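Dear colleague,

Please find the structure below, handed over for your own work.

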Amino acid sequence: MNPRVSIIMGSTSDLAIMEKAAKVLDDMGIPFEMNALSAHRTPAEVEAFAKQAAERGIEVIIAGAGMAAHLPGVIAAMTPVPVIGVPINASLNGMDALLAITQMPPGIPVATVAINGAMNAGILAVQILAVGDRELKEKMIHFKESLKKKIVDANKELAAVKYNFKTN
């Protein structure tokens, strides 16, 4: 089984956040790999990874980083593979990472999700892969319908909550 998605984090301390992307991919049956690589501490390894990702069959990269958060952008600069950045709340409430990941120069895009939004990064990776994969698209449609059902069911439960002046 060869990975289609690569989840990269700047440090294993980011695993508690990034495992949410892994769960989405696992639930959808998408082979993936996970590695810790640092744009600052292991730049040669990051370069080798980024330059080899496409030829290894990686179709989407999810890169999480906190603080200076250069990892997603450095990877994006060296690969044709779409990169999804996950800003990690490591300092300044994650705003430093969010800004570092979103403020990329023209020609080096990084799709960016919310601070600590690894689950959405996993979902976005599935949506990217689903463009050319009918079975995966059906799984994504089913997933979105399940989200809708949760809200419909929650609203029914909310209707049962009683207050003196509640009108519905």
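Read along the sequence, the elements of the chain follow the order β-α-β-α-β-α-β-α-β-α-α, with 6 helices and 5 strands in the chain. Helices (H or I, at least four residues) and strands (E, at least two) are DSSP runs, numbered from the N terminus. This is a predicted model, in which local features need pLDDT of at least 70 and side-chain atom pairs count only at pLDDT 80 or more, while totals for chains, interfaces and linings use all residues. Residues are numbered from 1 along each chain as its sequence is written, and side-chain values use heavy atoms, with hydrogens and water left out.

Overall dimensions and burial

Taken along the principal axes, the box filled by the C-alpha atoms is roughly 65 × 40 × 30 Å. Of the 168 residues in the chain, 38% are buried; buried means under 20% relative accessible area, exposed over 50%, and partly exposed in between (1.4 Å probe, protein chains only). Among contacts with a separation of 6 or more, 65% join residues 24 or more positions apart, where contact means heavy atoms within 4.5 Å.

Nonpolar cores

A nonpolar core is a set of buried Ala, Val, Leu, Ile, Met, Phe, Trp, Tyr and Cys residues joined through side-chain atoms within 4.5 Å. The largest one has 27 residues, and those touching the most other members are Ile 7, Met 18, Leu 25, Ile 30, Ile 62, Val 86 and Val 126. At least two residues of this core are supplied by each of strand 1 (5-9), helix 1 (15-27), strand 3 (60-66), strand 4 (83-88), helix 5 (118-130) and helix 6 (134-159). Helix 5 gives the largest share, 7 residues. Beyond its neighbours within four places in sequence, Val 126 is in contact with Val 24, Leu 25, Met 28, Ile 30, Leu 136 and Met 140. A second, separate core of 20 residues includes Ala 50, Ile 61, Ala 63 and Ile 101.

Helix packing

Two packed helices are described by the angle between their axes and the distance between the axes. Axes here are lines fitted to C-alpha atoms, for helices over the stretch in contact, with angles from 0 to 180 degrees between N-to-C directions.

The axes of helix 1 and helix 5 come within 7 Å and cross at roughly 35 degrees. In this contact, residues of helix 1 including Ile 17, Met 18 and Leu 25 meet residues of helix 5, among them Met 119, Ile 123 and Val 126. By class, the contact of helix 1 with helix 5 has 10 nonpolar, 1 polar and 1 charged residues; Ala, Val, Leu, Ile, Met, Phe, Trp, Tyr, Cys and Pro count as nonpolar, Asp, Glu, Lys and Arg as charged, and the others, Gly among them, as polar.

For helix 5 and helix 6, the axes come within 8 Å and cross at roughly 140 degrees. Helix 5 and helix 6 are therefore oblique to each other, given that angles under 35 degrees count as roughly parallel, over 145 as roughly antiparallel, 65 to 115 as roughly perpendicular and the rest as oblique.

Loop residues

Leu 92 lies in the loop between strand 4 and helix 4, and has a positive phi of about 50 degrees although it is not a glycine. Asn 93 is found in the loop between strand 4 and helix 4, with a positive phi of about 55 degrees. Leu 92 counts as exposed at 64% relative accessibility, and Asn 93 is exposed with a relative accessible area of 61%.

Yours sincerely
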